[in-house]
Amino acid sequence: GGRGAVAMPLQHLRKPKCRGLGNLADGSVVHDLIEQIQKFDVLVLHSCDHDLCIEDGISKPRVLQHYWHNLQHLAKLLRKHAAGKRILWLSCAAQGNLMSTWKVTQAQVLKWRLDRLAFETCRQNGWEFIDGFSLISAALLKNRWFDHRGIAGNLHTHTHCCPRGSAAELEFLRQQEDQLPYKLAYQGGVGYLSKMLVQVIFNQICTVSA
């Protein structure tokens, strides 16, 4: 037997861009989300960077207040339409290259606050909170962790879905691993952090509830 518990790759809270949980104000988004979650026993939910980012024509003078309000809206929907399902919330992800911070999504303190609001929502509703932020933000403490072929500061540099680095890059790292241990992440290709985060998520899902 067993039950279906692998979530679909649909991104209901990313379109339109930079609205995040605010997209729940669109009835069609809510309808599609509710329809999809009926298919699964375990739900892993996440919304962060698109709650922070700014596009033309979007003003966000009260980011934290709106995020909290939208979390409460989501919680209300899930209490009604996902009763009895196991719900896990995935934290924000850190964004690299803090030496040249120029995107609001690189503001660590804002993400810490968003995560705290999400954690409180989990506590109130019996959801589980997965801390992926600490895993990825640890990369920021090491010089050039997020650099890849001259690219730095991109949230997605090491979190795409498991492409591999070039053969020359991997060979260089094998030769340098003792001198440059912080670059061992490269040996998984640019999807290394993504694969690590997936392991954290599955470890939480597979942990037997007390």
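Residues are numbered from 1 along each chain as its sequence is written. Because the model is predicted, local features need pLDDT of at least 70 and side-chain atom pairs count only at pLDDT 80 or more, while totals for chains, interfaces and linings use all residues, and side-chain values use heavy atoms, with hydrogens and water left out.

**Disulfides**

A search of the whole structure finds two disulfides (pairs of cysteine sulfur atoms within 2.5 Å). A disulfide is a covalent bond between the sulfur atoms of two cysteines. With the bonded cysteines numbered in sequence order, the pairing is 1-3, 2-4.

| Pair | Sulfur atoms apart | Angle about S-S bond and hand |
|---|---|---|
| C18 and C53 | 2.1 Å | -120 degrees, left-handed |
| C48 and C92 | 2.0 Å | 95 degrees, right-handed |

The disulfide of C18 and C53 has its sulfur atoms 2.1 Å apart. The pair links distant parts of the chain, 35 residues apart: C18 lies in the segment before α1, and C53 in the loop between α2 (49–52) and α3. Helices here are DSSP runs of H or I with at least four residues, strands are runs of E with at least two, and both are numbered from the N terminus.

C48 and C92 form a disulfide with sulfur atoms 2.0 Å apart. C48 sits in the loop between β1 (42–45) and α2, and C92 in the loop between β2 (86–90) and α4 (108–125), so this pair ties together parts that are 44 residues apart in sequence.

Buried means under 20% relative accessible area, exposed over 50%, and partly exposed in between (1.4 Å probe, protein chains only). C18 counts as buried because its relative accessibility is 2%, and C53 is buried at 14%.

**Helices α1 and α3**

Helix α1 (residues 27–37) packs against helix α3 (residues 63–81) at an angle of about 40 degrees, with the axes 11 Å apart. Axes are lines fitted to C-alpha atoms, for helices over the stretch in contact, and angles run from 0 to 180 degrees between N-to-C directions. That angle makes α1 oblique to α3; angles under 35 degrees count as roughly parallel, over 145 as roughly antiparallel, 65 to 115 as roughly perpendicular and the rest as oblique.

In α1, V30, L33, I34 and I37 meet L74, L77, L78 and H81 of α3, where contact means heavy atoms within 4.5 Å. The residues of this contact divide into seven nonpolar, one polar and no charged. Nonpolar covers Ala, Val, Leu, Ile, Met, Phe, Trp, Tyr, Cys and Pro, charged covers Asp, Glu, Lys and Arg, and the others, Gly among them, are polar.
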